[in-house]
Amino acid sequence: MERVNVIENGKLAGWFDLDSVTQYDGPAHRDAFGTNDTALLRTKGGRWVLSHYSQYMKNGTIEDDTRYEFVTDEAAKDWL
């Protein structure tokens, strides 16, 4: 189990098990500055999570940043 905490407004909004989600990949944006990807996840408990992934170069080192946010059923439907 890979527990992922979801932080919203600087506070813990909840968590989910990354190993038990269904993932819907969005389009990737790649350019000279890095990569940005989004994915919509459906948790085992039925919640929707939007994943934002960025990879970029900083001071000669590749940096990774992944953020997660809970979204409503309506927002998930619009994303899909």
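This is a predicted model: local features need pLDDT of at least 70, side-chain atom pairs count only at pLDDT 80 or more; totals for chains, interfaces and linings use all residues.
**Exercise 1. Determine where R47 lies relative to the ring of F70, and list the contacts of F70.**

Solution. R47 lies over the face of F70, at 3.5 Å from the ring centre, where a charge sits over a ring if NZ of Lys or CZ of Arg is within 6 Å of the ring centre and within 35 degrees of the ring normal. Residues are numbered from 1 along each chain as its sequence is written, and side-chain values use heavy atoms, without hydrogens and water. Next, leaving aside neighbours within four places in sequence, F70 is in contact (heavy atoms within 4.5 Å) with V6, E8, A13, G14, W15, R47, W48 and V49.

**Exercise 2. Find the aromatic pairs and classify each of them.**

Solution. A search of the whole structure finds two aromatic pairs, a pair being rings of Phe, Tyr and Trp (its six-membered ring) with centres within 6.5 Å, stacked when the planes are under 30 degrees apart, edge-to-face when over 60 and tilted for the rest. The centres of F16 and Y68 are 5.4 Å apart and their planes stand at 75 degrees, so this pair is edge-to-face. Both F16 and Y68 are buried, that is, under 20% relative accessible area, with exposed over 50% and partly exposed in between (1.4 Å probe, protein chains only). For Y24 and W48, the centres are 6.2 Å apart and the planes at 45 degrees, so the pair is tilted. Finally, Y24 counts as partly exposed at 34% relative accessibility, whereas W48, at 12%, counts as buried.
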